[in-house]
Amino acid sequence: MSLPATPLPDFTAQATLRAHIADTMAFYHPRAIDPDGGFFHYFRDDGSVYDRGHRHLVSSTRFVYDYAMAAVEFADSRHADDWRAAAMHGLRFLRAAHRDAERGGYVWTLQDGAIEDDTRHSYGMAFVLLACASARKAGLPTQTWIDETWDLLERHAWDADAGLYRDESDAQWRYSGYRGQNANMHLCEALIAAHEACGDARYLQRALQLADHMTRRQAALSGGLVWEHWHADWSVDWDYHRGDPKHLFRPWGFQPGHQIEWAKLLLSLRAHLGDAAPEWLLPTARHLYDTALAHGWDAEHGGIVYGFAPKSLRDVSPARGAPPPDLAQTPMFWCDDDKYFWVQAEAIAAAWRLFDATGDARYRDDYLRLWDYAWRHFVDHTHGAWFRILDRRNRKYDDLKSPAGKTDYHTMGACHDVLAVMRGTHTRSIDA
C-alpha cells in the first residue's frame, strides 16, 4: 500500500496544502450531491456510492463544512459559487429533514427520508453549529441558525453546575445518565468557529470554559489525560464500553487522537485570546500532545494508534471515587492498534500549531513525519481523498473509504487550520 521512496511535496508550502484540499474536494464533488436533497454519505475507494438512502447527522453537517470552507479558501476560483451553493443545499436538507421543527433538535439518522433514530446527541448539535458557522464564513445567511443552535443547547443540554454539556436525550429532551468528553470537545471546536464567524465573545468564553473543565478539572480525575466516559455526576466511568475499544464514537480507553485534538483547540483558544489567554493553555496543550505521541506512536510501522490504556485497568477498574491511576508510573498497552485517518490529520494540525507557538523544532519534525506517513499510507493517490482505517501494518480492511461520519472533514480541516496559522489569520474573527 505504501508509496515508493519518491520525493515528497513541501508540506511547509501553502500551495501544497491548497492543492491537497482541491484534490480531496475533487473526490467528493459533484458526486456527493444528491439532487433530491443533501448529500450521499457512503463512498467506496473509487468514488462509487454504495448506499444511496441512509443519512447520518454527522455527515450531513460535515459536508456543509467541507463545501463552505472550500468556498472560503478558493473564493476567487471558478468553483467557489458551486461550492457555496452546495453548502446551502446541504443546510436546506439539514433544516428540512434532520431538524425537528416542533420539539427542536436534530435527529441522528434517516433512512430513505424517514426518521430511523431520533436521539438528540450534543455531539451532533456541535456539528450543526460548526456547519452554520462555516457557512457564515462563506457568506451564507446563517446567523439566525447559529443563534438558534446556541439557544437550544442552553435550554436543554447545558449543565450549569458542571459547566459542561450533557450528552444524549430522547426526542422529549429526557437525558440519559451518560456524559462524554467527545461532545464537549466538538462543541468547543464549534464555539470557536462561531466566534470566528460572527465575533461574539460569548462563544469564545464558553469554549474556554469547556476546555478548562475537560482538560484540567476532569483530566485530573483520570490521571492527567482526558478520559472518554463519565457518569451523570461527572465522576469517571472506567467501565463504559470496556469490551468495545473499537467503537466509532465511544471507544474504551484513552484516545491519543482526542488528546491531540484538545491540544489543537487549546492552542486555537490561546491565539484568539491573545494577551488575555490563561497561562495554562500552552503547557496543557504540550502535555496532552506529548503524552499522546509518547504512548500512541508506532515506532515500527509508523502512525498513531487508536487507543491505549494503563495496564492496571486491563481487567480491573478503580472503585468509583478512588484515586486515579498514576499515569506517569503505570505502563500502557494498546487497546486498539488500528490506524485511523482522523488521528493522523489532527496530529498534523496540532504539531504545526505547537511549532508556531513554541518555536521548538521537534514539533516541526513531527509535522513532517506525520505528513510523510499519511502521504505514503493514507492518501489515495489514484482516486483521491484518504483511506479511513488501516491495521497496525498499514493494510486496508476493505474498500469503504468514506462511510457515514467521515467526509474528509478532518483531513481538509487540518490543511485549513495549518494554512490559517501560516497566514496569521488564526488570531481574529472574520468580522474583526
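## The largest cavity

Helix α5 gives the most to the lining of the largest cavity, with four residues. That is a handy place to start a walk through this structure, which is a predicted model. The largest cavity holds about 60 Å³ of space. Its lining is made up of Arg-120, His-121, Ser-122, Met-125, Leu-152, Leu-153, His-156, Ala-157, Trp-173 and Tyr-175. The elements that give two or more residues to this lining are β4 (120-121), α4 (122-137) and α5 (143-157).

By class, the lining of the second largest cavity has five charged and four nonpolar residues, with no polar ones.

Now to a pocket. The second largest pocket contains about 220 Å³ of space and is lined by 19 residues. Which of these lie nearest its centre? They are Arg-62, Leu-248, Phe-249, Trp-342 and Gly-405. Three helices, α6 (181-198), α8 (256-273) and α10 (341-358), are the elements that give two or more residues to the lining of this pocket.

The lining of the second largest pocket divides into nine nonpolar, six polar and four charged residues.

## Gln-344 in helix α10

Helix α10, one of the elements that line the second largest pocket, is also the place of Gln-344. Is Gln-344 buried or exposed? Its relative accessible area is 0%, so Gln-344 is buried. The side chain of Gln-344 reaches the backbone nitrogen of Ile-304, at 2.9 Å.

With a relative accessible area of 68%, Ala-328 is exposed, whereas Gln-344 is buried.

How far apart are the C-alpha atoms of Ala-328 and Thr-16? They are separated by 39 Å, and the two residues stand 312 residues apart along the chain.

## A three-stranded open sheet

In what order do the three strands of the open sheet run? The order is β1-β2-β3, and the pairing is antiparallel. Strands β1 (54-56) and β3 (114-117) stand at the edges, and each has a single partner strand, so one side of each is left without a neighbour in the sheet. From one strand to the next, the twist averages 30°.

The pairing of β2 and β3 can be followed residue by residue. Strand β2 covers residues 109-111 and is joined to β3 by three bridges, with the two strands running antiparallel. One of the residues to look at is Thr-109, whose bridge partner in β3 is Asp-117.

Key
Residues are numbered from 1 along each chain as its sequence is written. This is a predicted model: local features need pLDDT of at least 70, side-chain atom pairs count only at pLDDT 80 or more; totals for chains, interfaces and linings use all residues. Side-chain values use heavy atoms; hydrogens and water are left out. Two strands pair if DSSP finds at least two bridges between them. Axes are lines fitted to C-alpha atoms, for helices over the stretch in contact, and angles run from 0 to 180 degrees between N-to-C directions. On a 1 Å grid over the protein atoms alone, a cavity is a set of points where a 1.4 Å probe fits but cannot get out, and a pocket is an open set with protein on both sides within 12 Å along at least five of seven lines; lining residues have an atom within 4 Å of a point. Grid points are joined across faces, edges and corners, and a volume is the space filled by probe spheres set on the points. Ala, Val, Leu, Ile, Met, Phe, Trp, Tyr, Cys and Pro count as nonpolar, Asp, Glu, Lys and Arg as charged, and the others, Gly among them, as polar. Buried means under 20% relative accessible area, exposed over 50%, partly exposed in between (1.4 Å probe, protein chains only). A polar contact is a pair of N or O atoms within 3.5 Å; within protein, one must be able to donate a hydrogen and the other to accept it, and residues adjacent in sequence count only if both atoms are side-chain atoms.
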